[in-house]
Amino acid sequence: MSERRDAATPRGIDPRGPRFAAGITAVLLLIVVFLGLTGLSTAQTSEGWAISAASVAERILDPAFLLLLVTTLLFLWGVVSPRTAPWGALYRAVVAPRLSAPTELEDPRPPRFAQGVGLFVSALGLVLQLFGVPWALTIAAAAAFIAAFLNAVFGLCLGCQLYLLLQRAGIVGRTRPASA
């Protein structure tokens, strides 16, 4: 039985790969949230911060900031080059060979878009942290954690759902809107 596929349709990916990556990402983001909420991270005090080189340096060297920066760079890597992103490569090299072949493949565009959403949310938290907005980093990390957790545990990819919604509206992935 052959399946007809046009040139514009991308090859499918194993849907368990993005869920594996989301699990690791969720753990990293949970640590960021923990650092921000427990006070181990010094950047979440609500005392007014004057914009100075010393306070910006303190915010950059904050453990929660540094870990969210690493996570943001991993999101960026997942958007720019998903085939070489570390969690996907780890899944393909170590986990996938131990599993049976996937019963279905999924379109890689929604998970890639979801990586972009994670990149946006975490980068926004970093920028707001640099400007001294209290709790911005922790809130951004918590929002990204919730999305990663839902994907890892329940297979509900919020970024993928957003992609599909935008696709139906004709904003992404199509040259014209879907007909009703």
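Leaving aside its neighbours within four places in sequence, which residues is Asp14 in contact with?

Modeller: Happy to! Please keep in mind that this is a predicted model. Once the neighbours within four places in sequence are set aside, Asp14 is in contact with Tyr91, Pro102 and Leu105. Asp14 itself sits in the segment before helix H1, which covers 16-38. Its relative accessible area is 15%, and because the cut-off for buried is under 20%, Asp14 counts as buried. The side chain of Asp14 also makes a polar contact, at 3.0 Å, with the side chain of Arg16.

Now let us follow the chain into the helix. H1 packs with helix H6 (residues 136-154) at an angle of about 150°, and their axes are 7 Å apart. Since angles over 145 degrees count as roughly antiparallel, H1 is roughly antiparallel to H6. The crossing in which H1 passes H6 is left-handed. On the H1 side, the contact is made by residues including Pro18, Ala22, Leu29 and Val33, while H6 contributes, among them, Ala141, Phe145, Ala148 and Phe149. Sorted by class, this contact of H1 with H6 holds 18 nonpolar, 5 polar and 1 charged residues.

Of its 180 residues, 31% count as buried. Among contacts in the protein with a separation of 6 or more, 72% come from residues 24 or more positions apart.

Key
Residues are numbered from 1 along each chain as its sequence is written. This is a predicted model: local features need pLDDT of at least 70, side-chain atom pairs count only at pLDDT 80 or more; totals for chains, interfaces and linings use all residues. Side-chain values use heavy atoms; hydrogens and water are left out. Helices (H or I, at least four residues) and strands (E, at least two) are DSSP runs, numbered from the N terminus. Buried means under 20% relative accessible area, exposed over 50%, partly exposed in between (1.4 Å probe, protein chains only). A polar contact is a pair of N or O atoms within 3.5 Å; within protein, one must be able to donate a hydrogen and the other to accept it, and residues adjacent in sequence count only if both atoms are side-chain atoms. Contact means heavy atoms within 4.5 Å. Axes are lines fitted to C-alpha atoms, for helices over the stretch in contact, and angles run from 0 to 180 degrees between N-to-C directions. Angles under 35 degrees count as roughly parallel, over 145 as roughly antiparallel, 65 to 115 as roughly perpendicular and the rest as oblique. A crossing is left-handed if the near helix is turned anticlockwise from the far one by less than a right angle, and right-handed if clockwise. Ala, Val, Leu, Ile, Met, Phe, Trp, Tyr, Cys and Pro count as nonpolar, Asp, Glu, Lys and Arg as charged, and the others, Gly among them, as polar.
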